[in-house]
Amino acid sequence: VMKLNPQQAPLYGDSVITVQLTEEDKVEEDVVFYLIFTGSTVQHCTSTRKINPGSLETISPGHDCCETVKVALCASKEGHPVLVVAEENFKFIQDEAYDAAQFLATYAGNQQALNFTRFLDQSRPPAADVDILDEKVALAFRHLKLPAEWNVLGADQSLNENIPRETLLHFAVRQGLLRLTWFLLQQPGGRGALSIRNRDGATPVSLALERGYQKLHQLLTEEDATEPDSWSTLSHTVHAGDYCVKHHRQLDVYMLTAE
């Protein structure tokens, strides 16, 4: 039996999973291990990298629903058939970050909901927690199947730009969420939100300045601002028909997902 640690991951994936091998599976150098996750409607295959003779590392795939899936550890060696050496259960769950992304996406144009998020200001989490929150919510947002007409400013585009209001961008900047801000800027309405003032007369740009978030301010104001480094360590996705291939740049792990 192999041991997976942890034995569950959020739906949006991209978290590190360690695979402990049993004594008999600690094998010679030329064996390649990969994991196959079989869900009810999709299957994922991930490559692994060896940390030491007894353990491997991989990245959890993004999954389409909350469920327990079967994970098979496969070993492949040139000139030999592929062997399934172990099987284990693994659970995909919806966590707080996913809930948060869903809430924000749903209430993008809703002033009551967005004004409510300003209460979060009073209880600012420590910087390290903000960084984790930022990564998770940005990943979750990226994983949501946003409708084609989705807009950072909400569904009602007839609102003219001079009406003072809160936007998702105000929220992301106020919380210091660099990755989420970058993600929102790439979406329809993202750039438009830059010039919108809230009831205090603040734009997302002036908020970043006022709070001393230099990196965020650069991201919002520089013409050719590139994606934050912190974002580029995450998986990069390529779609091809019913397949989707992800490459996790930091661990150099590949994932193939098929319907």
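Below are some questions and answers about helix packing, aromatic pairs and one cysteine. This is a predicted model, where local features need pLDDT of at least 70, side-chain atom pairs count only at pLDDT 80 or more, and totals for chains, interfaces and linings use all residues. Residues are numbered from 1 along each chain as its sequence is written, and side-chain values use heavy atoms, with hydrogens and water left out.

Q: Is α3 roughly parallel or roughly antiparallel to α5?
A: Helices here are DSSP runs of H or I with at least four residues, strands are E runs of at least two, and both are numbered from the N terminus. Helix α3 (residues 127-143) packs on helix α5 (residues 178-185) at about 25 degrees, with axes 7 Å apart; axes are lines fitted to C-alpha atoms over the stretch in contact, and angles run from 0 to 180 degrees between N-to-C directions. Under 35 degrees counts as roughly parallel, over 145 as roughly antiparallel, 65 to 115 as roughly perpendicular and the rest as oblique. So α3 against α5 is roughly parallel.

Q: Which residues of α5 make the contact with α3?
A: Contact means heavy atoms within 4.5 Å. On the α3 side, the residues include V137, A138 and F141. Those of α5 are L178, R179, L180, F183 and L184.

Q: How many residues of α5 are buried?
A: Buried is under 20% relative accessible area, exposed is over 50%, and partly exposed is in between (1.4 Å probe, protein chains only). T181 and W182 are among the buried ones. The helix is largely enclosed by the rest of the structure, because the tally for α5 is eight of the eight.

Q: Are the rings of Y12 and Y98 stacked or tilted?
A: Phe, Tyr and Trp rings (for Trp, the six-membered one) pair if their centres lie within 6.5 Å; planes under 30 degrees apart are stacked, over 60 edge-to-face, and the rest tilted. Y12 and Y98 are 86 residues apart in the chain. Their ring centres lie 6.4 Å apart with planes at 5 degrees, so the pair is stacked.

Q: Which residues form one aromatic cluster with F37?
A: F37 sits in strand β4 (residues 32-38) and F92 in strand β9 (residues 83-93), and both are buried. One aromatic cluster holds F37 together with F90 and F92.

Q: Which residues is C65 in contact with, leaving aside its neighbours within four places in sequence?
A: C65 lies in the loop between β7 (55-59) and β8 (67-76). At 25% relative accessible area, C65 is partly exposed. Its contacts beyond those neighbours are L11, S40 and F92.
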